[in-house]
Amino acid sequence: GSVTAMDRLQSSVILFDRMLDTLPEADLQAFAEHAQRALEHRQRHACGCGCGCDGDEKEGGPVDFISQVIETVREMLPTVDALAPAEAIYIPDDPENYPDYTRQNTVHADAFLYDDDEYDALVESGAASRNYCLQCGSHNTRPLNMLSHSASREQLEFIFCSGHVLPKDLSGRKLVDVGSRLGAALYWGFAYSNAAQLVGIEKNPFFRESADRDRDEALSGALVVRARARAQRRRAHAFNRAPHG
């Protein structure tokens with residue numbers, strides 16, 4: 001006769017119980033946490049798009065993961081501009097979209113690490129500014145031009161989850177980010193896509209070393225261990241490993 005859903009369930013339960021019998025007592029708690037998070041991950045991707053849209057607010061989900069990454073990177077790069085030592089702000093040669101942008105009136109504010117509300121909070125605390133003085137000591141001020149060499153969280157969400165830039169289903173594919181900088185796109189792809197591998201290429205040694213440290217710390221945290229399955233953590237090994245020439 002045909003195999004029913006109940007038959008499949010009973011067979012799965014038997015196999016699961018046998019697997020538990022092979023585990024040492026000391027490993028049961030870790031396995032239970034992994035199994036719980038793996039089930040949540042499966043449910044989160046039930047829509048089939050691989051972007052985590054069915055429950056990204058859950059504890060241990062993509063939102064928690066990205067928050068953990070941002071907190072870790074901020075600690076590694078405590079300055080608001082998040083620039084590497086001796087790094088210069090690159091102003092695009094595009095007068096139509098960047099009119100009157102100069103090195104004197106333009107600042108770098110990393111849009112991945114600080115969204116508009118968070119940057120406003122920094123301004124209120126005196127840690128950052130949105131204006132500069134045209135005549136020192138006067139009230140004749142002008143808004144600073146803001147640039148970010150990192151994609152914002154809103155931009156990354158559009159890239160990975162809208163289906164207009166990248167396919168929603170990236171299973172079996174390798175995603176390469178050239179000029180990965182802090183690794184924002186890689187972290188977002190790790191949390192919100194099912195890409196088989198994520199590779200970042202970055203020529204700046206400061207960002208390569210910083211991204212490796214940030215990645216290792218974020219991926220070794222208990223939050224991330226619970227949030228992602230072991231196979232997914234393995235594919236993150238490629239984060240920001242630029243080829244040596």
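Q: Which helices each supply at least two residues of the negative patch?
A: This is a predicted model, where local features need pLDDT of at least 70, side-chain atom pairs count only at pLDDT 80 or more, and totals for chains, interfaces and linings use all residues. Residues are numbered from 1 along each chain as its sequence is written, and side-chain values use heavy atoms, with hydrogens and water left out. Asp116, Asp117, Glu154 and Glu157 gather in this surface patch of negative charge. The helices (DSSP runs of H or I, at least four residues, numbered from the N terminus) that each supply at least two of its residues are H4 (116-125) and H5 (153-161).

Q: Is Asp116 buried or exposed?
A: Asp116 lies in helix H4. Buried means under 20% relative accessible area, exposed over 50%, and partly exposed in between (1.4 Å probe, protein chains only). Because its relative accessibility is 58%, Asp116 counts as exposed.

Q: Where is Ala82 found?
A: Most residues other than glycine have a negative phi. Ala82, however, has a positive phi near 55 degrees, and it is buried, with a relative accessible area of 0%. Ala82 is found in the loop between helix H3 (62-76) and strand E1 (106-108), strands being DSSP runs of E with at least two residues.

Q: What is the relative accessible area of Asp100?
A: Asp100 lies in the loop between H3 and E1, and its phi is positive, about 60 degrees, although it is not a glycine. Asp100 is exposed, with a relative accessible area of 67%.

Terms used. Patch = residues over 30% accessible without salt bridge, like charges linked within 9 Å, V, L, I, M, F, W, Y side chains within 5 Å. Areas by Shrake-Rupley, 256 points an atom, 1.4 Å probe, with all protein chains shown as cover. Salt bridge = Lys/Arg side-chain N within 4 Å of Asp/Glu carboxyl O. Lys, Arg positive; Asp, Glu negative; His and termini not counted. Charge placed at Lys NZ, Arg CZ, Asp CG, Glu CD.
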